[in-house]
Amino acid sequence: MIASAGRNASLSAKLGWATLAITVVALLMAIFYAPTDRVQGIAQRIYYFHVPMAIVAYLSFFVVLVASVMYLWTRDMKWDRRARASVELGVVFTTLVLITGSIWGKPIWNTWWTWDARLTSTLVLWFIYVAYIMLRSYTPDVERGARFGAVLGIIGFIDVPIVHFSVTWWRTLHPGPVVLQASPAAPPQTTETFLVAMLAAVLFYIWLMRVRTGLEEARDENRELEQELALRGGLYA
Amino acid sequence: MMGSFGRQIMAVLARDLLLEWRTKDALTAMLVFALLVLVTFDFALDLRPEIMSAVGPGVLWVAVVFASTIGLGRTFAVERDSGTLDGLLLAPLDRSALFLAKLAGNLIVMAIMEIVTLVAFAVLFNVPVDPAPVLLIALLGAIGIAAVGTLFSAVASHTRAREVMLPVLLFPVIVPVLIGGVQATGVALGNPVARDMPWLSLLAAFDAVYVAAGAIMFEYVLEE
């Protein structure tokens, strides 16, 4: 078991270095290789990080949904650890999406924030999964916390399309995303840079998931050992 | 003829309504709170008649949602505090039936609160309200809020800081109800800014999804 943990750790380390390398390549490509947007100028370059992070944020909440269903089905704590880790990553990525979007919006829309359909539904999503993290830390019982988390992981994800419809109808007159309108035929450099950045974001997510679930595993193991010790009267007697 | 599932729902619902009828705890708290929100909004926004068509629906819905949270939070907290939750869980009840009974009980109290709040809204702010469409919108909204709220109140009752946890869980999930309710009420009250979209379908879809999801998921919340 220790040997396999060691192998996992070295694989995680390799994955981490690969992620770092590809992220640096993506950064250099976004700054030097991709052409400057004719309409938006330099601000458009943030798109190479904003959009991949948005896609990865949705991916992580989808992983939460799958892990939640699997936990309720199998009752294996392994799935709960994945759900816990993925919620945290999803919230971090969503936060970064909101921040990079604001940085882009200031020069292009001349405002840090607008109640546009996309922005609003992303913010609502952020609140749902922040509530998940709060719920987990406010539920002392471990097994109950896992069940509650799974229920919220499913209930929250069901809400995504409904929230999307409601805010789209609510803000129909707002212009659509400028990036898509302004690029009827994106030059190949743009597409290439985007794909490398997308790869970097997905690798970053996978690497963080490995590290985070490993940490949760160690925590769960530690707690079980402590309980065992307490039962034998060794620790708290 | 009513099956055993229907009898289970009726038994729990009758018990809850009898308890509420004798104490009127939830209804009183919700009504006073809803009226307080209306009055607070008047001080906060200086609600003169000419701005009521624009902000009136929002004021009405915030009062309804906030007051509902108070009633919903009591659903399982009271059962836990009085030790009757264990009895309910030991009783030969289908979990879905228990959920639907609690949902119906909350819904009935919320509907009464909504009717009184609507009358107070029309009188206090001198807004002409056509009761039929607005009550239909209010009821459709209440079903969605009660469905999500009943499920989450069972969750929140087992957490530390449960008074905080229920609104934090509930408000983001019911955003579509708030948007749909406010816009549909705006259309019904003749607000020129409100968008005429199929809001009632949105509310009905939300209700159907979350009543079903709650009935299915409830057993996972109440496992002991």
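Among contacts in chain A between residues at least 6 apart in sequence, 79% join residues at least 24 apart, where two residues are in contact if their C-beta atoms, placed from the backbone, lie within 7 Å. This is a predicted model, so local features need pLDDT of at least 70, side-chain atom pairs count only at pLDDT 80 or more, and totals for chains, interfaces and linings use all residues. Residues are numbered from 1 along each chain as its sequence is written, while chains are lettered from A and ligands numbered from 1 in the order in which they are written.

Chain A has seven helices and zero strands, giving the order α-α-α-α-α-α-α from the N terminus on. Helices (H or I, at least four residues) and strands (E, at least two) are DSSP runs, numbered from the N terminus. Of the 237 residues in chain A, 35% count as buried. A residue is buried if 20 or more other C-beta atoms lie within 10 Å of its own, exposed if 12 or fewer, and partly exposed in between, with C-beta atoms placed from the backbone.

Let's take H4(A) as a worked example. Its 22 residues should span 32 Å at 1.5 Å a residue, and the end C-alpha atoms are 31 Å apart, which agrees; the expected span is 1.5 Å times one less than the number of residues. The buried residues of H4(A) include A:Thr120, A:Val124, A:Leu125, A:Ile128, A:Tyr132 and A:Arg136. Their cover includes helix H2 (47–74), helix H3 (77–109) and H5 of chain A, together with H7 and helix H8 (175–188) of chain B.

**Where the chains meet**

The contact between the chains takes 29 residues from chain A and 25 residues from chain B. On the side of chain A that touches chain B, the elements giving two or more residues are helix H4 (117–138) and helix H5 (142–170). H5(A) provides the largest share of that side, 18 residues. By residue class, the side of chain A that touches chain B divides into 22 nonpolar, four polar and three charged. Here Ala, Val, Leu, Ile, Met, Phe, Trp, Tyr, Cys and Pro count as nonpolar, Asp, Glu, Lys and Arg as charged, and the others, Gly among them, as polar.

Two packed helices are described by the angle between their axes and the distance between the axes. Axes are lines fitted to C-alpha atoms, for helices over the stretch in contact, and angles run from 0 to 180 degrees between N-to-C directions.

| Helix pair | Axes come within | Crossing angle |
|---|---|---|
| H6(B) and H9(B) | 8 Å | roughly 20° |
| H2(B) and H3(B) | 8 Å | roughly 150° |

The angle in the H6(B) and H9(B) pair makes these helices roughly parallel, whereas H2(B) and H3(B) are roughly antiparallel to each other. Angles under 35 degrees count as roughly parallel, over 145 as roughly antiparallel, 65 to 115 as roughly perpendicular and the rest as oblique.

H6(B) and H9(B) cross in a left-handed way, while the crossing of H2(B) and H3(B) is right-handed. A crossing is left-handed if the near helix is turned anticlockwise from the far one by less than a right angle, and right-handed if clockwise.

In the H2(B) and H3(B) contact, H2(B) contributes residues including B:Met30, B:Phe33 and B:Phe41, and H3(B) contributes residues including B:Val59, B:Phe66 and B:Arg74. The residues of this contact divide into 17 nonpolar, one polar and one charged. For the other pair, B:Gly141, B:Gly144 and B:Leu151 are among the residues of H6(B) that meet H9(B), whose partners include B:Asp207, B:Tyr210 and B:Gly214. The contact of H6(B) with H9(B) divides into 17 nonpolar, four polar and one charged.

**Individual residues in chain B**

B:Ile145 also sits in H6(B), and counts as buried because it has 26 C-beta neighbours inside 10 Å. Not counting residues up to four places away in sequence, B:Ile145 touches B:Val65, B:Ser68, B:Ile174 and B:Val177. The C-alpha atoms of B:Ile145 and B:Leu103, 42 residues apart along the chain, are separated by 9.7 Å.

B:Lys24, in the loop between helix H1 (4–23) and H2 of chain B, has a phi near 55°, a positive value in a residue other than glycine. B:Lys24 is exposed, with 12 other C-beta atoms within 10 Å. B:Ala161, in the loop between helix H6 (131–156) and helix H7 (162–173) of chain B, has a positive phi of about 55° although it is not a glycine. B:Ala161 counts as exposed, with 12 C-beta neighbours inside 10 Å.
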